[in-house]
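Biologist: I am new to this structure and would like to go through it with you step by step. Could we look at the sequence and the model together before I ask anything?

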Amino acid sequence: MKLKKIIALAAILITSSLLLGAFFVHEHNEPKEKLIVNSTYEILKSFHYSPQQLDDSFSARVFDLYIKSLDYNKMYFTKDQIDVLTSYKTQIDDQIRTNSLDFFNLSIEIIEGQVKKISELYPLFLQQPFDYSAKEDININSDKRDYCQNQKDLEEYWRKYIKYQVLTEIISLENDQKKKAEKSDSVIVKTFEQLEDSARQVILKRYDTRFKRIAKVSRNDRFSYYVNAIAGSFDPHTNYFPPTEKEDFDISMSGKLEGIGATLSEKDGYIKVVEIVPGSPSWKQGELKAEDIILKVGQGDNEPVEIIDMRLDEAVRLIRGPKGTKVVLTVKKIDGSVVKIPIIRDIIVLEEKYAKSTIITTNDKKAYKIGYIYLPQFYTDMNDPRGRKCSIDIKNEVTKLKEAKVDGIIIDLRNNGGGSLNDVVEIGGLFIDKGPIVQVKSMNEAAKQYNDHDGGIITYDGPLAIMVNTFSASASEILAAAMQDYKRAIIIGTESTYGKGTVQRIVDIDRLVSHEYHSYKPLGAIKVTIQKFYRINGGTTQFQGVKPDIILPDLYDKIDIGEKELDYPLPWSEIKSVPYTIWKSAPNIKDLAKKSASRIQKDSSFIMIKEASKWLADTKDQESIPLEISKFREKDEKDLALSKKYKDAGKHSVPFEIINWTTPSKENATLDSVANKRIEDWNKSIKEDVTLYESYQILSDYIRSIQK
């Protein structure tokens with residue numbers, strides 16, 4: 001069905017469905033809320049790649065998502081209250097049909113009542129010291145525990161949780177005091193009682209701020225959670241954006257923080273780092289990573305502000321700032337450690353998001369010269385047809401490497417979250433004679449092939465490898481999948497790539513509702529999944545991602561990351577394959593993998609990576625934390641020691657010799673100090689990259705096999 005027909009149908013459906021309900025004036029503007037709920041569902045039913053029926057199964061999905069958004073850590077609702085709300089679990093579909101908000105109104109009444117009770121409770125716990133010798137523990141992993149049975153149990157849990165927070169602060173103050181004492185003899189050493197009192201005051205202030213912020217959460221905010229639960233029940237990339245100021249609306253959709261160069265998302269009350277923008281201040285500083293959770297934001301040396309439970313747009317305002325100013329992020333790493341990361345705000349250096357290449361080899365006389373191309377994202381300038389495109393840049397880099405007579409090429413797509421579809425098709429075409437690269441399917445339409453446009457022209461026909469990891473997504477998966485299907489390249493990486501094989505489009509609700517509802521505008525917008533990517537062999541990259549030909553150990557091997565870990569992702573599926581011709585000298589993957597495994601088994605760097613991966617998983621999944629101070633200290637010391645031990649896992653000196661196109665030099669007048677530093681940093685990272693070194697050896701094995 002063509003887009004214009006879908007829009008017309010959606011408009012008709014929205015108008016007709018809404019006329020069924022009678023709207024009455026309400027102090028909370030329930031007519032507008034009902035209009036948004038109905039409009040959202042009708043748009044999703046008409047546009048979404050996999051429309052959901054309005055039934056009990058749909059209702060249960062919405063219920064689970066919405067309850068999680070209200071109380072993600074199971075800190076407010078009791079089991080008794082959840083049981084009351086569960087009576088609506090299979091009725092949300094009926095409520096949408098009848099324009100009822102009874103479930104939503106009841107949920108607001110209960111959650112706001114609970115927030116009020118806890119806001120009056122926590123100051124009482126902090127009035128005097130806890131019993132730190134008591135043999136008790138706490139489970140803070142919400143995935144591993146149920147709701148508290150009743151209000152009494154919930155209040156006891158909060159007592160333990162506040163105690164846990166105070167203990168964490170005491171240890172932090174003790175560690176800071178030790179560091180200062182080591183640097184200076186004039187430091188006044190505080191007693192445990194003084195540190196404990198300070199810790200309670202810090203936590204009290206923190207929770208005062210937190211609950212003031214929670215008190216500002218409006219009905220409109222919670223309504224957005226409700227509508228997002230409806231949208232999210234279709235798939236995790238379908239979202240509702242409420243009407244806001246233009247700047248805030250753009251931030252909500254992009255999640256991009258201009259001041260430090262990080263793409264963020266808000267989930268379950270936490271601000272999580274999704275991606276670091278290449279060339280940005282965060283990228284240069286080097287400590288902020290994807291999957292990090294930002295707990296606090298400090299301006300320069302001022303007292304930091306906690307951003308747990310803060311809206312994304314509010315967090316953005318704290319993190320953004322003028323060039324040259326310092327922001328200090330208190331971050332919880334994936335291993336559970338909490339660190340402070342100072343970042344100097346700056347304008348993002350766009351040069352670092354572009355493709356670049358070098359030649360890597362070793363001092364062995366028989367070593368091969370391998371071209372190495374790093375592509376951080378599939379960029380294109382949508383507004384300027386003469387603007388920079390990654391497909392042109394990659395072609396130029398490949399041409400340079402070919403002219404340098406390299407023996408093979410490695411393309412690094414690790415941490416590349418995707419981008420331009422047309423460019424990935426163009427890049428795929430550089431390495432094959434002719435044929436399809438990907439299939440794209442819309443709802444109720446035949447799949448469309450995207451083919452190599454310059455059929456018969458091969459820019460490079462030599463040995464090729466592509467590196468991927470868990471964070472390689474979308475366009476990265478398309479290129480890796482196509483080259484794997486053609487057996488054109490050796491795909492090297494983690495157990496699988498991310499698994500995002502879908503396309504989204506923004507739909508403005510205002511454009512689709514009948515003119516008679518003009519007074520209710522603005523109504524917001526919906527980002528809806530409209531298409532799915534399929535490999536040329538017929539399988540989708542969605543959900544499962546791309547499984548590399550040769551799998552290397554990775555820090556995140558045992559951590560649940562990727563599309564399959566999100567709520568209600570679209571499933572893997574299969575359509576008809578399309579004709580394509582296998583590459584003339586396909587690599588013997590079985591033999592190459594066997595040789596790689598033999599090296600890895602004896603490699604101390606990869607042994608360390610495996611150990612670190614297991615430690616990360618164990619730390620993330622831990623359930624019980626002791627609240628007896630001696631055991632708490634013991635655990636903290638152990639975690640700190642292991643964190644230091646595994647901090648640089650995967651970064652060890654490797655015997656690379658690098659041949660740069662432009663070598664840093666004081667005499668080179670064409671390069672400024674920033675460019676020199678950029679090249680030096682890149683060279684350093686290459687010489688510490690054990691995964692790249694193993695990829696180099698794998699490709700070298702392949703080259704030897706075809707030269708025999």
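Biologist: In which order do the seven strands of the open sheet follow one another?

Modeller: This is a predicted model, in which local features need pLDDT of at least 70, side-chain atom pairs count only at pLDDT 80 or more, and totals for chains, interfaces and linings use all residues. Residues are numbered from 1 along each chain as its sequence is written, and side-chain values use heavy atoms, with hydrogens and water left out. Strands are DSSP runs of E of at least two residues, and helices are runs of H or I of at least four, numbered from the N terminus. The pairing in this open sheet is mixed, and the order is E19-E16-E15-E12-E11-E10-E21.

Biologist: Which strands are the edge strands?

Modeller: Two strands pair if DSSP finds at least two bridges between them. An edge strand here pairs on one side only, and this holds for strand E19 (550-551) and strand E21 (657-659).

Biologist: What is the bridge partner of Leu-264 in E5?

Modeller: Strand E4 (residues 262-267) and strand E5 (residues 270-276) pair in the antiparallel sense over six bridges. They form a hairpin with two residues between them, where Asp-268 in the turn has a positive phi of about 55°. The partner of Leu-264 in E5 is Val-273.

Biologist: Which residue in E6 stands opposite Ile-271?

Modeller: E5 also pairs with strand E6 (residues 293-299), in the antiparallel sense and over two bridges. In E6, the residue opposite Ile-271 is Ile-294.
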